[in-house]
Amino acid sequence: MKLVIAIVQDKDSNRLSNALVREGFRATKLASTGGFLRAGNTTFMIGIEDERVHEVMTVIRSNCKVRDQLVSPVSPMGSTTDAYIPFPVEVQVGGAAVFVVPVERFEHF
């Protein structure tokens, strides 16, 4: 058995959740916040049999898209901001960060 942990952007959350249910996967959703952009994310925790990991990865891959977004950098902490000019920077956001970890034991009460 494996635990799939998928961290996705909030914009992809509902689409992924619906697709997981449609394909028969049960998941727990947790609200989370990214460290770089400090934007809302959703973390999905999916317990799955080893042989179905490829299926769940396909669902995640097809429902979480990378997109470009302009963001304003956060001002530097602890230094003077006299020379700091916050120009928007284009970064890639979205997609999914996915971890697949072995489960030593699972019980449901």
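Author: Start with a term: a nonpolar core is a set of buried Ala, Val, Leu, Ile, Met, Phe, Trp, Tyr and Cys residues joined through side-chain atoms within 4.5 Å. Note also that the model is predicted.

Reader: Which element gives the most to the largest nonpolar core?

Author: The largest nonpolar core has 15 residues, and those with the most contacts inside it are Leu16, Leu20, Phe44, Ile46 and Ile60. Strand 1, helix 1, strand 3 and helix 2 each give two or more residues to this core. The most, 4 residues, come from helix 2.

Reader: On which side or sides of helix 2 do its buried residues lie?

Author: The buried residues in helix 2 (residues 53-63) are Val53, Val56, Val59, Ile60 and Asn63. They cover an arc of only 130 degrees around the axis, so they lie on the same side of helix 2. The face turned away from that buried side carries two exposed residues, His54 and Arg61. What covers the buried residues includes strand 1 (2-9), helix 1 (10-22), strand 3 and strand 6 (96-102).

Reader: Which element gives the most to the lining of the largest pocket?

Author: The largest pocket holds about 360 Å³ of space. Of its 16 lining residues, Arg26, Ile46, Gly47, Ile48 and Phe106 are the closest to its centre. By class, the lining has 9 nonpolar, 4 polar and 3 charged residues. The element that gives the most, with 4 residues, is strand 3 (residues 40-48).

Notes: Residues numbered from 1 in each chain as written. Predicted model: local features only at pLDDT ≥ 70, side-chain atom pairs only at ≥ 80, totals over all residues. Heavy atoms only, no water. 1 Å grid on protein atoms, 1.4 Å probe; cavity = no way out; pocket = protein on both sides within 12 Å on 5 of 7 lines; lining within 4 Å. Points joined across faces, edges and corners; volume = space filled by probe spheres on them. Nonpolar A, V, L, I, M, F, W, Y, C, P; charged D, E, K, R; others polar. Buried < 20%, exposed > 50% of the residue type's maximum accessible area, 1.4 Å probe, protein only. Arc of directions from axis to C-beta. Contact = heavy atoms within 4.5 Å.
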